[in-house]
Amino acid sequence: MLPWKRVVRPLAALLLAAAAVAVVPAATASASGTAATSSGWNDYSCKPSAAHPRPVVLVHGTFGNSVDNWLGLAPYLTSRGYCVYSLDYGRLPGVPLFHGLGPIDKSAAELSAFVDKVLTATGAAEADLVGHSQGGMMPRYYLKFLGGAAKVHALVGLAPDNHGTDLDGLTNLLPYFPGAEDLLDAATPGLADQIAGSDFLTKLNAGGDTVPGVRYTVIATKYDEVVTPWRTQYLSGADVRNVLLQDLCPLDLSEHLAIGLSDRIAFHEVANALDPAHATTTTCASAMS
């Protein structure tokens with residue numbers, strides 16, 4: 001067993017990131033670091049329509065990748081007429097498929113380059129970002145420190161760890177991740193950055209959660225067992241909408257994984273956030289839409 005003090009900090013984001021580990025089969029990522037799919041996303045010939053003039057960039061969570069994290073949401077959005085793209089970021093040498101482990105400020109720089117690539121390909125002036133877990137928080141560094149606010153219209157976070165996590169006793173989950181201790185024995189700065197009170201989060205949240213000119217939506221679930229307490233996901237500031245999934249559908253039991261991977265009620269609310277002018281009420285029936 002790893003000694004306790006060696007486990008706590010890196011484990012924080014192993015659990016924070018559970019988003020891509022559990023329930024979906026692995027798919028193949030291309031050498032360029034973007035998803036190789038047949039579901040219509042990462043199509044660089046796609047041109048945004050008048051109805052959906054901004055491309056959507058999907059930002060996976062820790063231990064996620066550009067395919068597995070988005071097998072549900074990417075087709076959901078492409079079928080509704082969006083040009084959708086996803087990237088891999090925060091890769092460590094010798095660690096395939098499980099990404100988002102590198103320093104988060106460096107990951108934000110990778111996102112910046114990817115957004116530029118998407119805007120060039122589509123001819124759009126701005127993009128919208130949708131991220132899960134770390135992927136809903138990391139873009140805020142891009143917006144605040146790397147000039148992203150001029151290129152992004154909206155950021156939608158699904159269970160984002162905007163203020164870190166206190167784990168709420170989730171070290172008990174370690175036995176459910178075979179091989180996790182071996183991985184955690186490596187240097188994983190992206191994990192430590194997500195602990196509540198880390199230097200990274202202190203810098204990110206100093207002076208306010210938001211920047212002018214960007215619309216923010218946070219979609220949380222009260223059953224989140226990873227980003228805890230769940231209310232710390234919420235943002236404060238101008239042009240922010242914080243949404244609790246159970247206020248939309250009290251019967252929705254989705255936790256940290258499901259809200260990003262498979263919950264069509266959450267997906268419906270993402271679509272509303274991307275196109276508020278044509279939003280429709282999200283209810284339990286949205287699971288069938």
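Are arginine 140 and aspartate 209 buried or exposed? In this predicted model, arginine 140 is buried, and so is aspartate 209. The two residues form a salt bridge, with the closest N and O atoms 3.9 Å apart. This pair links distant parts of the chain. Arginine 140 sits in helix α5 (residues 139–145), while aspartate 209 lies in the loop between α8 (199–205) and β5 (215–220). They are 69 residues apart.

The structure holds five salt bridges. One of them joins the side chains of aspartate 128 and arginine 54, at 3.0 Å from N to O. Distant parts of the chain are again linked: aspartate 128 belongs to strand β3 (residues 127–132), and arginine 54 to the loop between α1 (4–16) and β1 (56–59), 74 residues apart. Aspartate 128 is buried, with a relative accessible area of 1%. Arginine 54 has 18% relative accessibility, so arginine 54 also counts as buried.

The side chains of lysine 106 and aspartate 105 meet in another salt bridge, at 3.7 Å from N to O. Lysine 106 is exposed, with a relative accessible area of 52%. Aspartate 105 is partly exposed, at 27%.

Helix α3 covers residues 104–122. Buried residues of α3 include Ile104, Leu111, Phe114, Val118 and Thr122. Glycine 123 follows α3 and has a positive phi, near 80°.

Serine 286 lies in the segment after α11 (264–274). Serine 286 is buried, with a relative accessible area of 5%. Beyond its neighbours within four places in sequence, serine 286 contacts Arg264, Ile265, His268 and Thr281.

Key. Residues numbered from 1 in each chain as written. Predicted model: local features only at pLDDT ≥ 70, side-chain atom pairs only at ≥ 80, totals over all residues. Heavy atoms only, no water. Helix = DSSP H or I, 4+ residues; strand = E, 2+ residues; numbered from the N terminus. Expected span 1.5 Å × (residues − 1). Buried < 20%, exposed > 50% of the residue type's maximum accessible area, 1.4 Å probe, protein only. Contact = heavy atoms within 4.5 Å. Salt bridge = Lys/Arg side-chain N within 4 Å of Asp/Glu carboxyl O.
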